[in-house]
Amino acid sequence: MRIREFIYAAGLLAVATVPGCGRSIEGTAVAADSATTNSRSTEGTWIGSYHCAQGATGLTLTVESSGRAEFEFYPLPENPTVSSGRFAMRWQTESTHLVFRQSSWIDRPGSYRMVDLVADRADDSTILTGKVIGDGCSTFWLSRDLT
């Protein structure tokens, strides 16, 4: 861990000197929480599952830094009768959550409906969990694809 990260993680008192004004500014050091930082830590491919009326369903969420995402669903061994499909999403940071909103179908099976996702923002950049917003839905769990 670099010194700067250690100071941020420990929440130590920071003192900064502002050049040209001869004053020091004191305060508690906190890590930057910008949409850009979050975008870099969120982009990529996430693999896992979600739960809705059809039961446990496989999910691959591909997230781009541009604010676009793709939600791909498919059957799991424990629920092989689920259909496969894909739809586009838009995502953004809202307060302490990542919000993924349905946009348009890419491949719609039968009468399936698109859903939204509200993910908990966590310090762990390898796990993404949260709520599936849609009739008969509950939660999702995803792990970053590191391949």
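Me: What makes Gly67 stand out in the hairpin of strand 4 and strand 5?

Reply: In this predicted model, Gly67 takes a positive phi near 100° in that hairpin, which has 4 residues between its two strands. The strands themselves, strand 4 and strand 5 (residues 68-74), run antiparallel to each other, and Leu61 stands opposite Phe71 of strand 5.

Me: Which residue of strand 4 stands opposite Cys52, and how many bridges join strand 3 and strand 4?

Reply: Cys52 stands opposite Gly55 of strand 4. Strand 3 (residues 44-52) and strand 4 pair in the antiparallel sense over 9 bridges, and the two form a hairpin with 2 residues between them.

Me: Why is strand 4 called mostly covered?

Reply: A residue is buried when its relative accessible area is under 20%. In strand 4 (residues 55-63), 7 of the 9 residues are buried, and the strand is described as mostly covered on that count. Over the protein chain, buried residues make up 31% of the 147 residues.

Me: How do you know that Cys52 and Cys137 form a disulfide?

Reply: The cut-off for a disulfide is a pair of cysteine sulfur atoms within 2.5 Å. The sulfur atoms of Cys52 and Cys137 are 2.0 Å apart, and therefore the pair falls within the 2.5 Å limit. The structure holds 1 disulfide. This pair links distant parts of the chain, with Cys52 in strand 3 and Cys137 in the loop between strand 9 (127-133) and strand 10 (139-144), 85 residues apart.

Me: Why is the disulfide of Cys52 and Cys137 given a hand?

Reply: The torsion about the S-S bond of Cys52 and Cys137 is about 110°, so this disulfide is right-handed.

Me: Why do Cys52 and Cys137 both count as buried?

Reply: Cys52 has a relative accessible area of 10%, and Cys137 has a relative accessibility of 19%. The limit for a buried residue is under 20%, so Cys52 is buried, and Cys137 counts as buried too.

Me: What makes up the lining of the second largest pocket, and which residues are closest to its centre?

Reply: The second largest pocket has a volume of about 240 Å³. Of the 14 residues that line this pocket, Gln54, Arg113, Val115, Asp135 and Cys137 are the closest to its centre. The lining divides into 10 nonpolar, 2 polar and 2 charged residues, and strand 3 and strand 5 each supply at least two residues of that lining.

Me: Why is Thr42 called buried, and which residues does Thr42 touch?

Reply: The relative accessibility of Thr42 is 3%, and the limit for a buried residue is under 20%, so Thr42 counts as buried. Thr42 lies in helix 2 (residues 35-42), where, not counting residues up to four places away in sequence, Thr42 touches Val63, Trp91, Leu98, Phe100 and Arg144.

Me: Why is Ser95 called exposed, and what is the value of its phi?

Reply: Ser95 has a relative accessibility of 64%, and the cut-off for an exposed residue is over 50%, so Ser95 counts as exposed. Its phi is near 55°, a positive value in a residue other than glycine. Ser95 has its place in the loop between strand 6 (85-94) and strand 7 (97-107).

Me: Why do Ser143 and Gly134 fall into the class called partly exposed?

Reply: Partly exposed covers what lies between the buried limit of under 20% and the exposed limit of over 50%. Ser143 has a relative accessible area of 24%, and Gly134 has a relative accessibility of 32%, so Ser143 is partly exposed, and Gly134 counts as partly exposed. Ser143 is in strand 10, with its C-alpha atom separated by 5.6 Å from that of Thr126, 17 residues apart along the chain. Gly134 is in the loop between strand 9 and strand 10, and the C-alpha atoms of Gly134 and Asp116 are separated by 6.9 Å.

Note on methods: Residues numbered from 1 in each chain as written. Predicted model: local features only at pLDDT ≥ 70, side-chain atom pairs only at ≥ 80, totals over all residues. Heavy atoms only, no water. Buried < 20%, exposed > 50% of the residue type's maximum accessible area, 1.4 Å probe, protein only. Pairing = 2+ DSSP bridges. Contact = heavy atoms within 4.5 Å. 1 Å grid on protein atoms, 1.4 Å probe; cavity = no way out; pocket = protein on both sides within 12 Å on 5 of 7 lines; lining within 4 Å. Points joined across faces, edges and corners; volume = space filled by probe spheres on them. Nonpolar A, V, L, I, M, F, W, Y, C, P; charged D, E, K, R; others polar.
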